[in-house]
Amino acid sequence: LEDLARVFARHRVQYLLIGKSGAIVYGFPDTTQDIDIFPEKSRENGQRIVSALKELGFHLDGPLGEAVLQGKDFIQIRGEPFDVDLIFAPDGIRSFADAMRRASLLEGKYPVASIDDIIKSKRAAARQKDKEVLDRLEAFSKYLKGRKS
């Protein structure tokens with residue numbers, strides 16, 4: 001994540017961390033096998049993503065690179081330096097701009113969707129693995145809000 005944030009910043013990629021990886025940056029006590037990224041959907045941002053991921057050692061030629069440039073709704077990249085999900089249209093979130101208004105920059109370098117958006121997206125996706133973590137995420141959200149008051 002450290003390398004990704006540094007390289008994405010250098011390439012000026014517009015993105016938010018989302019999913020369980022985003023929750024973990026908030027301090028959620030869990031693990032994940034990939035980094036979930038909610039990028040702004042534009043061809044220019046797609047070009048910046050491709051350049052940044054190539055710098056990190058990903059191979060994005062052909063159809064995979066074109067899918068990123070087009071902002072395909074969901075792209076899984078496996079078997080590279082680390083696993084990445086690019087989610088250009090996360091369930092339950094209206095738009096990148098809307099989510100960006102509620103997002104936080106954590107530790108000065110990690111742009112993360114709000115914990116409420118992370119929960120909303122997991123609830124809307126309605127996958128079994130998301131349902132299994134929702135109660136704990138909601139309790140964690142209450143804990144975070146209690147710390148702020």
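**Aromatic pairs, a central strand and a pocket**

A search of the whole structure, which is a predicted model, finds five aromatic pairs. A pair of aromatic rings is described by the distance of the centres and the angle of the planes. One of the pairs is formed by F38 and F96, whose ring centres lie 5.4 Å apart with 80° between the planes, an edge-to-face arrangement. F38 belongs to strand 2 and F96 to helix 5 (residues 96–102), so this pair ties together parts that are 58 residues apart in sequence. Both F38 and F96 are buried.

Another pair, F140 and Y143, is tilted, with 6.1 Å from centre to centre and 35° between the planes. Here the two residues both lie in helix 7, three residues apart, which is about one turn of the helix. How exposed are F140 and Y143? F140 has a relative accessibility of 8% and therefore counts as buried, since the cut-off for buried is under 20%. Y143, in turn, has a relative accessible area of 46% and is partly exposed. Together with F28, the residues F140 and Y143 form one aromatic cluster.

The discussion now turns from the rings to the strands. Strand 2 (residues 34–39), which holds F38, pairs with strand 4 in the parallel sense over four bridges. Strand 4 also pairs with strand 3 (residues 74–77), in the antiparallel sense and again over four bridges. Which residues stand opposite D85 of strand 4? D36 stands opposite D85, and Q76 stands opposite D85 as well. Strand 3 and strand 4 form a hairpin with five residues between them, and G79 in the turn has a positive phi of about 75°. Four of the five residues of strand 4 (residues 83–87) are buried, so this strand is largely enclosed by the rest of the structure.

About 450 Å³ of space lies in the largest pocket. Its lining consists of 23 residues, of which D36, I87, K122, R127 and D130 lie nearest the centre of the pocket. What is the make-up of the lining by class? The lining has seven nonpolar, five polar and 11 charged residues.

Conventions: Residues numbered from 1 in each chain as written. Predicted model: local features only at pLDDT ≥ 70, side-chain atom pairs only at ≥ 80, totals over all residues. Heavy atoms only, no water. Buried < 20%, exposed > 50% of the residue type's maximum accessible area, 1.4 Å probe, protein only. Pairing = 2+ DSSP bridges. 1 Å grid on protein atoms, 1.4 Å probe; cavity = no way out; pocket = protein on both sides within 12 Å on 5 of 7 lines; lining within 4 Å. Points joined across faces, edges and corners; volume = space filled by probe spheres on them. Nonpolar A, V, L, I, M, F, W, Y, C, P; charged D, E, K, R; others polar. Phe/Tyr/Trp six-rings, centres within 6.5 Å; stacked < 30°, edge-to-face > 60°.
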